Amino acid sequence: MTGEGSIPLLTPYQMGKFKLSHRIVLAPLTRVRSYGNVPQPHAILYYSQRTTKGGLLIAEATGVSETAQGYPHTPGIWTKEQVEAWKPIVDAVHAKGGIFFCQIWHVGRVSNSGFQPNEQAPISSTDKALTPQNYPTQFTPPRRLRTEEIPQIVNDFKVAARNAIEAGFDGVEIHGAHGYLIDQFMKDQVNDRTDQYGGSLENRCRFALEIVEAVVNEIGADRVGIRLSPFADYMESGDSNPEALGLYMVESLNKYNIVYCHMVEPRMKTLEGKTECSQSLVPMRKAFKGTFISAGGYDREDGIKAVAENRTDLVCYGRLFLANPDLPRRFELNKPLNKYIRETFYLPDPVVGYTDYPFLEEEEDDK
Ligand SMILES: Cc1cc2nc3c(=O)[nH]c(=O)nc-3n(C[C@H](O)[C@H](O)[C@H](O)COP(=O)(O)O)c2cc1C
């Protein structure tokens, strides 16, 4: 796939100890097809369809504990059954030469008591409720974690990381983005604590960094990445100074030598809402010593440009990869793309909108 005349997105890259053959990364994508929070056999086909030899894939957000869930049918990695269920999926990706990281996740207050053990309130940095959203389930006002409870949550991330390695994953991506629990600690619009986890930037980032440290100590820095979205305000989790937050985080992350930092572009205020904006990830990219991954609203040309201008090392594709299982090949040949169908993103069907997007060859055979 690489060689003379390759586009920059298709050039090889050494990410820590991982030899990547190109720069196109599968974004973490929640697909709500893991019934009972257990990954299902249909995910074997889904992920292997999107695997290339030497390509990096990031698995969908995966719960670290029984309090981590906020959506139906999202996978977990805290029980033996879940770990066993991930194994054949990871094996299938490895059989095709892919590198597979598991995104470990806690939703915090983006939940409903129906998803919680004993129908308790979801936990968060705060007890401020989310305002009702245009979403089928409503959010239950959260319970603010007591200071002395926080080490247990840090430990849940550590155990989840250990489980991910046991399942065969090459590493984990700590989900510190999009208004979920870690972001609820980092952002000053949400965090109203008065203990050592609230107030100053240093205090608000303490929870995230304690998780990074625990996970690094458990599985090794060369297997740890993190996703951050300092500029986003999804789930009412915005910050008054996102650039300072992003810079403080990358500078702190440098001390742990983690393999990558994955950041969502400032133009993505929400998961899918691309807007014009003058802010940029370049200061964070420059300050971070490891591999930098950029995500959000990229197409082929934009990705080529970002790599060519050294604004990032790797480019993550979400919706385009979801709809084009052979995205790297289509980019290589500069072929047209399948259009994604939003209505089936979160349809809990094992095939429709999941593994039935056509490959280039199938389309050309149909002509
Ligand atoms: C269906 C869907 C599910 C998503 N699930 C996750 C997720 O589990 N974890 C995460 O960090 N981001 C998630 N995102 C955000 C994507 O990873 C990505 O950042 C976003 O789609 C913007 O990139 P794109 O323009 O390439 O699609 C999701 C987005 C979509 C559309």
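Q: How far is a polar side-chain atom of histidine 175 from an oxygen atom of the ligand?
A: The model is predicted: local features need pLDDT of at least 70, side-chain atom pairs count only at pLDDT 80 or more, and totals for chains, interfaces and linings use all residues. Residues are numbered from 1 along each chain as its sequence is written, and side-chain values use heavy atoms, without hydrogens and water. A polar contact is a pair of N or O atoms within 3.5 Å. For the polar side-chain atom of histidine 175 and the ligand oxygen, the distance is 3.2 Å.

Q: Which residue has a side-chain N or O atom 2.8 Å from a nitrogen atom of the ligand?
A: On the backbone side, a polar atom of alanine 61 is 3.2 Å from an oxygen atom of the ligand. The side-chain atom that lies 2.8 Å from a ligand nitrogen belongs to glutamine 103.

Q: Which residues come nearest to the ligand?
A: There are 19 residues around the ligand, each with a heavy atom within 4 Å of it. This shell divides into 9 nonpolar, 7 polar and 3 charged residues; Asp, Glu, Lys and Arg count as charged, and Gly is among the polar ones. Those that come nearest are Thr30, Arg227, Gly297, Gly318 and Arg319.

Q: What is the volume of the largest cavity?
A: A cavity is a set of points on a 1 Å grid over the protein atoms alone where a 1.4 Å probe fits but cannot get out; lining residues have an atom within 4 Å of a point. The search of the whole structure finds 2 cavities of 30 Å³ or more. A volume is the space filled by probe spheres set on the points, and for the largest cavity it is about 50 Å³.

Q: Which helix supplies the largest share of the lining of the largest cavity?
A: The residues that line the largest cavity include Arg33, His42, Tyr47, Trp86 and Tyr354. They divide into 6 nonpolar, 3 polar and 2 charged. Helices are DSSP runs (H or I, at least four residues), and the largest share, 3 residues, comes from helix H1 (residues 42-49).

Q: Which helix gives the most to the lining of the second largest cavity?
A: The second largest cavity has a volume of about 30 Å³, and its lining includes Asp183, Met186, Leu245 and Met249. Helix H4 (181-186) and helix H6 (242-254) each supply at least two residues. With 3 residues, the helix that gives the most is H6.

Key. 1 Å grid on protein atoms, 1.4 Å probe; cavity = no way out; pocket = protein on both sides within 12 Å on 5 of 7 lines; lining within 4 Å. Polar contact = N/O pair within 3.5 Å; in protein donor to acceptor, adjacent residues only side chain to side chain.
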